[in-house]
Amino acid sequence: MRRLTVRMTVIMGMVASLCWGIDADAAAPRLVFLIGEAEYKTRETLPRFARDELIKTLGFRCTFVHADPKDGNRFPGLKAIDSADLVILSVRRRSLKSADLDRVRKYLDAGGPLVGIRTASHAFHTRGEHPEGHAEWQDFDPEVLGGNYVGHHGNKLVTTVARIPAAAGHPILAGVSVRPFEAGGSLYRVNPLKKACVPLLSGTVKGHPVEPVAWTHSYRGGRIFYTSLGHPADFQLPAFRRLLRNAILWSLKRETGETE
């Protein structure tokens, strides 16, 4: 029986590797998580999700590149994306060093797939305020994700998430609850999406228009998935965890399972 080692590497100034198993599988997809936000604790939720849903069950290799705690615009080890099969992005309003942002652009321009979570819609938009030698990408949301983030509704308004009927057969929705569920965070205002987007889930709050909360897009031939979900409470929901797992598999052009 082939034995499998799964590597989860955390890069934050220094490198530490955590391994499961015995023999490494060099053919396993290499996922790079780029994390730099202080609001939704994805620094904690994403590594736990990866361990349970991607490493233990699928054998994927995962590398976590975190923003420097002392300088949120620095991402030590970001060069890991040079060899990534997929980048998972959870960053909020950070301006990377120019060379690092060029590295992100190069990955995407080559057709590299990307999964964006919540604040990824304004990952590199610092409203023109950034240190010398750093750069921002204000149009990242419409260009890459296909979205139009303009803010969010109040945190006290409960968001109800439901499937979009026209997307019922999409592989990303395989095994995702057909019943509406309540999301943990505020509803992002993202309309209108680019015409090329395929909306999958919608979110509603009382007294306001419906907003898409998950969709697909394409950039330079690469598969792009984005969801405005990603609050810590969302990671406790089987529907969200299945959605995110499926989105990662879909972005890698792998099977997600049977649709209902």
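**Exercise 1.** Is Phe 64 buried or exposed, judged by relative accessibility?

*Solution.* This is a predicted model. Start with the cut-off: buried means under 20% relative accessible area. Phe 64 has 0% relative accessibility, so Phe 64 counts as buried. Now apply the cut-off to Phe 33. Its relative accessible area is 0%, so Phe 33 is buried.

**Exercise 2.** Classify the aromatic pair of Phe 33 and Phe 64.

*Solution.* A ring pair is described by the distance of the centres and the angle of the planes. The structure holds 7 aromatic pairs. In the pair of Phe 33 and Phe 64, the distance is 4.4 Å centre to centre and the planes are 15 degrees apart. Planes under 30 degrees apart count as stacked. The pair is therefore stacked. Phe 33 is in strand 3 (residues 30–36) and Phe 64 is in strand 4 (residues 61–66). They are 31 residues apart, and the pair links distant parts of the chain.

**Exercise 3.** Why is the pair of Phe 124 and Phe 140 edge-to-face?

*Solution.* Take the angle: the planes stand at 80 degrees, with the ring centres 5.3 Å apart. Over 60 degrees counts as edge-to-face, so this pair qualifies. Phe 124 sits in the loop between strand 7 (114–117) and strand 8 (134–135). Phe 140 belongs to helix 3 (residues 140–145). Check burial too. Phe 124 is buried at a relative accessible area of 2%, and Phe 140 is buried at 2%.

**Exercise 4.** Which span should helix 4 have at 1.5 Å a residue, and what separates its end C-alpha atoms?

*Solution.* Helix 4 covers residues 238–251, which is 14 residues. The expected span uses one less than the number of residues. That gives 20 Å. The end C-alpha atoms are 20 Å apart, so the two values agree. Next, look at cover: 12 of the 14 residues are buried. Among them are Phe 240, Arg 241, Arg 245 and Trp 250. After the helix comes Lys 253, with a positive phi near 60 degrees.

**Exercise 5.** Over the face of which ring does Arg 105 lie?

*Solution.* Arg 105 lies over Trp 137, 3.9 Å from the ring centre. Repeat the step for Arg 118. Arg 118 lies over the face of Tyr 40, at 4.6 Å from the ring centre.

**Exercise 6.** How many disulfides does the structure hold?

*Solution.* The count is 0. Now check two cysteines for burial. Cys 62 is buried at a relative accessible area of 0%. Cys 197 has 9%, so Cys 197 is buried.

How values were computed: Residues numbered from 1 in each chain as written. Predicted model: local features only at pLDDT ≥ 70, side-chain atom pairs only at ≥ 80, totals over all residues. Heavy atoms only, no water. Disulfide = S-S within 2.5 Å. Buried < 20%, exposed > 50% of the residue type's maximum accessible area, 1.4 Å probe, protein only. Helix = DSSP H or I, 4+ residues; strand = E, 2+ residues; numbered from the N terminus. Phe/Tyr/Trp six-rings, centres within 6.5 Å; stacked < 30°, edge-to-face > 60°. Lys NZ or Arg CZ within 6 Å of the ring centre and 35° of its normal.
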